[in-house]
Amino acid sequence: MHLPARAYYNQRHVVNEDSGTLRALAQAVAWPTDLSLAQWCSWYSVALEFQPDLIIELGRGMGNSTTLFTLAAHRMPGTKVFSFCLSDQWDRLTRPRLLPLTGEAWFAPLSTYLIDICEVDFTHLILPAKRILLLWDAHGYVVADRVLSHIMPLLAQKEHVVICHDVSDNRLYPDAPRQYGGKTIWRGMDSYYADSDRTSRTNLFWLNTVVDQFVPILDFCWRNRIDLRSADWEMKGDMADNPLALAEIERETPSDCFSVMNHWAYFSLNESPGPLTFPTSAMRCG
Ligand SMILES: C[S@@+](CC[C@H](N)C(=O)[O-])C[C@H]1O[C@@H](n2cnc3c(N)ncnc32)[C@H](O)[C@@H]1O
């Protein structure tokens, strides 16, 4: 099985044991539009399966992923979570709502920074780590520039996996409408977010998305001879090939904690045969 299915299957008892806590924390974060409970559990299982000593979160927002990775760190003594975001929603809204449930000491594995990712030098964070899980959930070309030109060369020296959010696999939605329906072509996420009534989503091979970074991610993966892996496609295939595993998951975990469709993709330069290549930064940052 590939990582998404293997993780969920192997960690299903932990997910079940922690499901009450995961559900209560998700309700306290109260922002399921950014991450459903099933998505929480999907990434929770991946973190526990991958056993990183360092989790880097790019894009905290209301803090769904921040919270679930911090909970995962409690299951992996020594694992630290470093979270970078421009938004102050975590400090202003989410942390105060979590505090009565968790207590102050619960936040110990987590360090949060209110900062532009482009201004962060990740060298001293990444070099001492051994296994790194990077969540890439801050959108756009500016962050993509920083990740691909600065963070990826550092990650390449380590065991790592990069999780990318906000992409659907249109092979799994054969009946999705293909008509433009009177909308313009997609011209980047800014035009989409400004007027999604008039602007289409974009479809690139199997990817259905609105966020810009998937264009340079696809290009980066091609140049480095690695796959951008669809978590949902792999999960669907692995569950079809292993119906007994699916039955065990469905029997042993709450139904709101599992979904085959979780709308994320992932990649790792550890799969590249080399030679590796990285873009030069177009930004004046770091
Ligand atoms: C979709 S939200 C993250 C959601 C979060 N991962 C969760 O699970 O709830 C994306 C966040 O990325 C942040 N962001 C975008 N560009 C950024 C940048 N250059 N530096 C830091 N944060 C950035 C935005 O402020 C926003 O809060």
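Here is a short tour, from the whole chain down to single side chains.

First, some ground rules. This is a predicted model, where local features need pLDDT of at least 70 and side-chain atom pairs count only at pLDDT 80 or more, while totals for chains, interfaces and linings use all residues. Residues are numbered from 1 along each chain as its sequence is written, and side-chain values use heavy atoms, with hydrogens and water left out.

**Select the whole chain.** You'll find eleven helices and ten strands, which are DSSP runs (helices H or I, at least four residues; strands E, at least two) numbered from the N terminus. The C-alpha atoms fill a box of roughly 45 × 45 × 40 Å along the principal axes. Of the 286 residues, 53% count as buried (under 20% relative accessible area, 1.4 Å probe, protein chains only).

**Now pick residues 3-10 and 231-241.** These are H1 and H10, packed at about 60° with axes 7 Å apart; the axes are lines fitted to C-alpha atoms over the stretch in contact, and angles run from 0 to 180 degrees between N-to-C directions. Show side chains in the contact (heavy atoms within 4.5 Å): among them are Leu3 and Tyr8 of H1, and Met235 and Met239 of H10.

**Next, the cysteines.** How many disulfides are there? The count is zero, a disulfide being a pair of cysteine sulfur atoms within 2.5 Å. Select cysteine 257: its sulfur is 3.7 Å from that of cysteine 41, the closest cysteine sulfur, so too far for a bond. Cysteine 257 is buried, at 0% relative accessible area. Finish at cysteine 221, also buried, at 3%; its closest cysteine sulfur, in cysteine 164, is 7.6 Å away, too far for a bond.

Definitions and conventions: Buried means under 20% relative accessible area, exposed over 50%, partly exposed in between (1.4 Å probe, protein chains only).
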